[in-house]
Amino acid sequence: MALVSVGFHKVADLCGRRENWRLCVKLIRLWKMSAVATRDDPFAMHMLFVDQQVVFILKPPVTFEYHLLICLLLSLFLLPWEVYNLSNFSVSRNGGKFRATHHDYKLTFNANTKIVPCPSVAIPDTGLSLVKTSEIMKTKGSSQYLIDFMAIVTGISEELTLNKENRQTRLMLIDMVDEMGKIRCAIFGQLIDTVKGFLTLPRCGLPVLIIHLARVNLYRGEVGIQNLMNASKLLWNPEIPVAVEFKNGLAVHEIETDVAISLISDNSRPISIREQFLKMFPRRRVGDLNHLLEDGTYIVHGTITEVFQDDDWWYIACSCMKAVDFTRGFPYCDGCKREVYDMSP
């Protein structure tokens, strides 16, 4: 595949001083804004694009906006991670709250805008502009920009209910740690289902999580981050070089990752290991197991009808294939030196 050919402008050069811009860019993220934010922008779809020049000049990608009249058509036509040639669009100042990029300008599509797929062009950049915990803390909980944040997950709460302005909102809390410190992330709404889905999958050690387009906020007086409805995306253990390099480098900072995710509480009451297990994993009936498409860890409801006493030919094994010891009052692996719940016969 070829790199971007001549005749196209750089995203970094965009400004309002000319009209005949031509871009060759890769679509990173697309999301709809269904709520009415302002009367000037009643319905819109937002997209993030990046070109190959962003890798070298270290500037973030640019945001594109347009009206709902063509949102449905474009959402069917445009595919994330594909490359497109864009022309016949207008350029304006990038303002407002919760901006997805630091670029000074944004584009607005119109009836004359041309969007041409360009499958023969390769743009390797992921479009992520990752920040560290120390940079988030400097904002003191207030920032007009959305951020990309990567860390390991050390704890997850059970699903909570937040009552605000006579409305109930689903909430989960996630504790995350990077080389610079610890921060708490609040997940609201439907994105909670992706967290629960991840918890059902087999896993070994603490996972890496990238929150794409997160909002900086204050939670109970402490600086934290949260998802922005429709915009934010969670990437669990992404197979990209920056994530692999991050996890491999944690040992240098003496951050242990070969442990299980703990259940965090929103109060001071200590949580037992058994309670953590019962609240961290989904409940299923025996019949439900026949319809599951992937292996996972579940709490199964059922009635014991018979116990097989002769078990010389099999044993309960940890994911490391060592036998699990149940004599301690909880499942323990001598090989992993910790309590385990990811096991199989």
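Two residues are in contact when they have heavy atoms within 4.5 Å of each other. Keep that in mind as you work through this predicted model.

**Exercise 1. Find Tyr-84 and work out what surrounds it.**

Step 1: Start with the secondary structure. Tyr-84 sits in strand 4, which covers residues 83-87.

Step 2: List its contacts, skipping residues up to four places away in sequence. Tyr-84 touches Leu-23, Cys-24, Val-25, Leu-27, Phe-49, Phe-77, Leu-78, Leu-79, Ile-115, Val-116, Pro-117 and Cys-118.

Step 3: Check accessibility. Tyr-84 has 3% relative accessibility, so it counts as buried.

Step 4: Now try a pair of C-alpha atoms. Tyr-84 and Pro-119 lie 35 residues apart in sequence, and their C-alpha atoms are 7.9 Å apart in space.

**Exercise 2. Say which residues touch the most other members of the largest nonpolar core, and which elements supply the core.**

Step 1: Take the core itself. It holds 39 residues, and those touching the most other members are Ile-136, Phe-149, Ile-156, Ile-174, Met-176 and Ile-225.

Step 2: Look at where the residues come from. Elements giving at least two residues each include strand 9 (147-156), strand 11 (167-178) and helix 4 (191-199). Strand 9 has the largest share, with seven residues.

Step 3: Zoom in on Ile-174. Beyond its neighbours within four places in sequence, its contacts include Val-153, Ile-156, Ile-183, Val-195, Leu-209 and Ile-264.

Step 4: A second, separate one has 20 residues, among them Leu-14, Leu-23, Leu-27 and Leu-107.

**Exercise 3. Describe the two faces of strand 15 and its pairing with strand 13.**

Step 1: Sort the residues. Leu-234 and Trp-236 are on the covered face of strand 15, while Lys-233 and Leu-235 are on the uncovered one.

Step 2: Strands 13 and 15 pair in the antiparallel sense, over four bridges. Leu-209 stands opposite Trp-236 of strand 15.

Definitions and conventions:
Residues numbered from 1 in each chain as written. Predicted model: local features only at pLDDT ≥ 70, side-chain atom pairs only at ≥ 80, totals over all residues. Heavy atoms only, no water. Core = buried A, V, L, I, M, F, W, Y, C linked by side-chain atoms within 4.5 Å. Buried < 20%, exposed > 50% of the residue type's maximum accessible area, 1.4 Å probe, protein only. Pairing = 2+ DSSP bridges.
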